[in-house]
Amino acid sequence: MVTTSESKTTNHRRRIVEGSSALLIKSQNEKKGVKRAIEKCKYRRDLKFRHKASLLRQYKKTLKQEERENSNTSITWSSSKRLKRHNDNNQSRRNDDTEQYTKEEKQQRRRPKKMDPFAKSLIKSQQRKEEQLEQHHQQKLKETEIVEKEKNRHVRSKKLSKRTSKGQPVMKHVIDGLLESIRRKQS
């Protein structure tokens, strides 16, 4: 007879075995899905490449036809597939054309600059910086004024607190203080 502890271990082993086979099947299915996804991606990329290549071929053909129609020069393709022009007259014509344009005409022919999406925010940030610099400058001025006033008060209090040998205030300093206050009121 099998004891309860032995039956528990055998059941446990069975569960592990059943679970591991299920995991193997699941991982194989996932691999198939990944392979399919990679194949689809490669197929789409190949389609895009072919489409772009056909568009490029068509564009080159139209360029070639237009150049044949517009110019009387003989056209040959070099090994690097760039056009070579044998007619020197066309080159001299080009030089004449560039000399005809003035600076103003060249500026008019240029493309207008694109709108900067952050232009407004840049302007706001510059204004903020200017305001902060102004506030900082004003704060420093106030601090220096406060320091000067404190020094003047200290000097004035020293002068006014001076006494003669008999304990009377020195009249020279008192009169100077009165004159200074009169001058401040007038200005």
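Biologist: What is the relative accessible area of glutamate 180?

Modeller: Glutamate 180 has a relative accessible area of 40%, so this residue is partly exposed. Buried means under 20% relative accessible area and exposed means over 50%, with partly exposed in between (1.4 Å probe, protein chains only). This is a predicted model, in which local features need pLDDT of at least 70 and side-chain atom pairs count only at pLDDT 80 or more, while totals for chains, interfaces and linings use all residues. Residues are numbered from 1 along each chain as its sequence is written, and side-chain values use heavy atoms, with hydrogens and water left out.

Biologist: Which residue meets glutamate 180 in a salt bridge?

Modeller: Arginine 184 does, at 3.2 Å from N to O. A salt bridge is a side-chain nitrogen of Lys or Arg within 4 Å of a carboxyl oxygen of Asp or Glu.

Biologist: How many salt bridges does the structure hold?

Modeller: It holds two. Arginine 50 also pairs with aspartate 46, their closest N and O atoms being 2.8 Å apart. Both residues belong to helix H1 (residues 4-70), four residues apart. Aspartate 46 counts as partly exposed because its relative accessibility is 30%.

Biologist: Changing topic, what pattern does the protein chain follow?

Modeller: Along the sequence the pattern is α-β-β-α-α-α-α, with five helices and two strands. These are DSSP runs numbered from the N terminus: helices (H or I) have at least four residues and strands (E) at least two.

Biologist: And what share of the residues is buried?

Modeller: Of the 187 residues in the protein chain, 3% count as buried.
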